[in-house]
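Here are some notes for a first look. Please keep the structure open while reading.

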Amino acid sequence: MLQSKQCCPALGSDPSNICGSLQGRGACQEVQVDTRPWSGPYTLRNVDDRERWPLKFFNRSCQCTGNFAGYDCGDCKFGWTGPSCEAKKPLVVRKNIHALTEEEREQFLDALDRAKTSLHPDYVIATQHWLSLLGPSGNDPQVANCSIYNYYVWLHYYSVRDTLLGPGRPFTAIDFSHQGPAFVTWHRYHLLQLERDLQVNSSTFLLVSESLDDYNRLVTLCNGSNEGLLQRNPFDRPGDQLPTMEDVHNCLSLQDFDKPPFFRNSSFSFRNALEGFDKPDGTLDMPVVSLHNLVHSVLNGTGAFPHSAANDPIFVILHSFTDAIFDEWMRRFRPSDSAWPQELAPIGHNRLFNMVPFFPPVTNEELFVPAEQLGYSYAIDLPEEARAWALMVGSTIGGALIALVVLVLLLVLFQHRRHRKGFEPLMNAKFSVKKYTDEP
């Protein structure tokens, strides 16, 4: 497939049923990519394999019809079900943690545990730069199997990794999932993919990543190897505090989804305020650390570094709450497609750019819709009055979006319980010095 740059597998056992074409589910076609100009600090061209994603790897893939989806058109789009994907799927409600029984919470945590050790049934990860991906012989793909949860950590890492120019020569001013409009849609799709796999398989808290400095020196990619214990040291610095519900309320009052230059220095931008580069009310007073970025910073460990943050399961909690705020904003303002820039956002952040590194390709525009159109909702009402974020209750994937302070205590409790039962400890990670709030 990599040599032909065509990924059009047969659906089922009949080799002639390419992309489910015999059932009218799809066909093998040219991949469509966004050709509009981007802006921002990334000024290189034809250097990074993510520039016109996924053309460095595949230029033909299954294009599914109607509500069919998947790399072979064997699935339904999010929010649809049935043999012909014509029935609306009952909404999946991401529940309030306090509405769950202890057994339900245990089931959620066990699902994450199992997914750490369950091999992903559909995907492998690349372990080498795209120029070396086929190995020295040109016929030996440099890929590795990985667990379901490790796969989702690798996706996040790959979206934020530096451009590899040569040994010890990284270009760091690039990020496909942060510092631009795609912040909300990228993480929404990331969670949806994890949620779907958890419903079928499962995952564990044990996740890993090596230092970005090591990868840059070797001009290679994260290979998913395990390294040790996760690190958390919340509220370790003087003045550390979580956002308040007043901050959330102020952010939700911003009417513009994003504003030029559609980057970390945009002001009065809902997206930039939610991500945490603006103050919650949209004013820009750099350096600012608020909302999403502030929570990562307060965690002060694995979760503080973009390339390793998804190792920590609190990542799922935080981004579910972030997505709930995004969905509340969508419900209040019902933005048109034109609210999202078609061009001149940073690379990866134009409306029709294929989100990196998801495959088959999916654009930012496809996720810029109310959550109910994607088959889920939140059992959460964002109150008008100011209340501490740490007292806020929400939902997580498949289970709970919990107040983060409470969650830290809960995870520590279950970690000790699992250790006594013979479970592996949490995994560690080495870190680069680049944090969520650092300049490119």
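1. Helices are DSSP runs of H or I of at least four residues, strands are E runs of at least two, and both are numbered from the N terminus.

2. This is a predicted model: local features need pLDDT of at least 70, side-chain atom pairs count only at pLDDT 80 or more, and totals for chains, interfaces and linings use all residues. Residues are numbered from 1 along each chain as its sequence is written, and side-chain values use heavy atoms, without hydrogens and water.

3. H1 covers residues 102–117. Its 16 residues should span 22 Å at 1.5 Å a residue, and its end C-alpha atoms are 23 Å apart, which agrees. The expected span is 1.5 Å times one less than the number of residues.

4. Helix H7 (residues 291–299) is mostly covered, with eight of its nine residues buried. Among them are His-292, Asn-293 and His-296. Just after H7, Asn-300 has a positive phi of about 55°.

5. Which element gives the largest share of the lining of the largest pocket? Helix H3 does, with five residues. By class, this lining has 21 nonpolar, 11 polar and seven charged residues.

6. The lining of the second largest pocket has 24 nonpolar, two polar and one charged residues.

Notes:
Buried < 20%, exposed > 50% of the residue type's maximum accessible area, 1.4 Å probe, protein only. Nonpolar A, V, L, I, M, F, W, Y, C, P; charged D, E, K, R; others polar.
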